[in-house]
Amino acid sequence: MKSRLFTLIFTLPLIITACAPDQRDQGSTPVTTYEPPRPTVVEQDGYKIARGATRLVDTSVVFDATTKAMTLKGKIEYLPVRGKSLQMIDVDLAGLVDQDGFINLRSARKEVSLPQGVQLAAKATCLSEEGTCHSSFIDIYLYADGLIYHHQIESHQEAPEKDSAEEKKEEPTSPEQTEHEDELESEGGADEVEGDPGHYIGSVKEDIENLLDVKPEPKKDEPKKEEPKSEEPKKEEPKAETPKAPVPRPETPKKEEPKKEEPKKDEPKKQEPKPETPKIPVPTPRPENPAKDEPKKEEPKKEEPAADSKPEIKKVSQAIGPVNQGRLENAMNMLRYQETHEPTGFKVMRPARLTHFATNELGYIVTQMGLFTKKEMPGYVMSIGDLSREKGGKLGSHKSHQNGLDADVALFFNNKSFQGFFASAVAVDKPHANWMEEEQWKLFKHVVKTNLIDRIFIHKVLKKSLCNIAIKNGELQKGKNEGLAYETLRRLIADTDHHNHFHLRVKCSSAQVRCRQMAEPAHGSGCF
């Protein structure tokens, strides 16, 4: 009987029965956002974290917009590491939303006792706008026997209805946006969202430190390995001590006075920060390189964001939710970047569509592709199609492009007359004679090497051609599932639609804690 129950936990999908509380705001029945096929234990920042070893029963989530409070009630079932019998614990957690849109959920009642040595807490990350939390995901943390069980759920409940007058005030649309709304068709592809939905990024390490009274286990082996490495910086330490040497010798000022010539060495230090500082604020810390050509044009425009220096964290773009049901905050304006850093090697094709906004990570990749184009194909300009709206959300007939992680990009042709629009690189069942497959292959490897790329959608005929190049060059061998060529081809998703452009998608970054990362592409190059 016990083995049968154990099998049900790990093979059947999560089943949660609704228990709508008798309150003004009806709660939601959450669903598990990420559940591995089998329990996994990983070591992360000194903590042992188990996923897939828990199940929620009769769970409900309620957020009250009036009090800004959230409650999480139900039961959580887990399998102890050293035990064979399942353990069931009551869940009754509550908390208030803070100014950043997070809710720390802790025990709401003293009478709800936990077994000795067991801790239970959770953190809700709000996905809704305007500081509400009707839509959220919740990371649940259960500590027992030196192991932290992590379970993530997603909760959505209907927000209270607003007056029509308020809705009109909150939905200002520009004439340009409404004029082109019907014209925003996806560019030559069905724009399918391939792959299984994964988990929200969250901030697991910070959550554990703030919610649980648990300390990470110190690793004894690591300091021993680091000792020989630490000897190298010790050689640098005496160099660092040399400037400290004159400090205890102020008693002999006559001897040190000639050493005051050292400020001449400090002069280059004054020169270093001034030219470099204007390069940082405009794009992100990463796309600094493309700004090296024309720093003078950037200076006046870079001073403007510096005026907003109060909340610097808000300058970091935020991809919120999944690519097909998300939004975007603090977007990077790629049209403005193009205009202030020209020549960039890329050009936004249709600025009137107002779809040239991206996360910092996607903006970095676009600038890198522009630099690649300038270097490898002088005189060519890479055409950039739709990215996302400034605040994300639904974009015409696209199924994705909703949170600043997606970009439609033109293919390379050795005929410059094909620039400025999306030309098809597929002629019936083979690549077009003018398609620059070698340069295209180099570009894909160049961006995948950054470890920021999630997927690249391309027509199956074009991928097959790139497979042949990798095999011919000896970069890819059957049975050898490693290396840059293999990883690039694994992330090239073949379909039947993207014949006149490729669709690039970057990963959620660790700074985007509200972003939902898709599951990794299946292993295999797809070439054999």
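Val-428 is exposed, with a relative accessible area of 79%. Exposed means over 50% relative accessible area, buried under 20%, and partly exposed in between (1.4 Å probe, protein chains only). The model is predicted: local features need pLDDT of at least 70, side-chain atom pairs count only at pLDDT 80 or more, and totals for chains, interfaces and linings use all residues. Residues are numbered from 1 along each chain as its sequence is written, and side-chain values use heavy atoms, without hydrogens and water.

Stay with Val-428. Its phi is near 60 degrees, a positive value in a residue other than glycine. The residue sits in the loop between strand E18 (426-427) and strand E19 (430-431). Strands (E, at least two residues) and helices (H or I, at least four) are DSSP runs, numbered from the N terminus.

Asp-58 also has a positive phi, about 50 degrees, and is not a glycine. Its place is in strand E4 (residues 54-64). Asp-58 counts as partly exposed, at 33% relative accessibility.

Next comes a peptide bond. Glu-342 and Pro-343 are joined in cis, with omega about 5 degrees. Pro-343 belongs to the loop between helix H10 (334-340) and strand E14 (346-348).

Finally, turn to helix H12. It covers residues 437-448, 12 residues in total. From first C-alpha to last, H12 reaches 16 Å, close to the expected 16 Å at 1.5 Å a residue. That expected span is 1.5 Å times one less than the number of residues. Buried in H12 are Gln-440, Trp-441, Leu-443, Phe-444, Lys-445, Val-447 and Val-448. An α-helix has 3.6 residues a turn, so residues three or four places apart point the same way.
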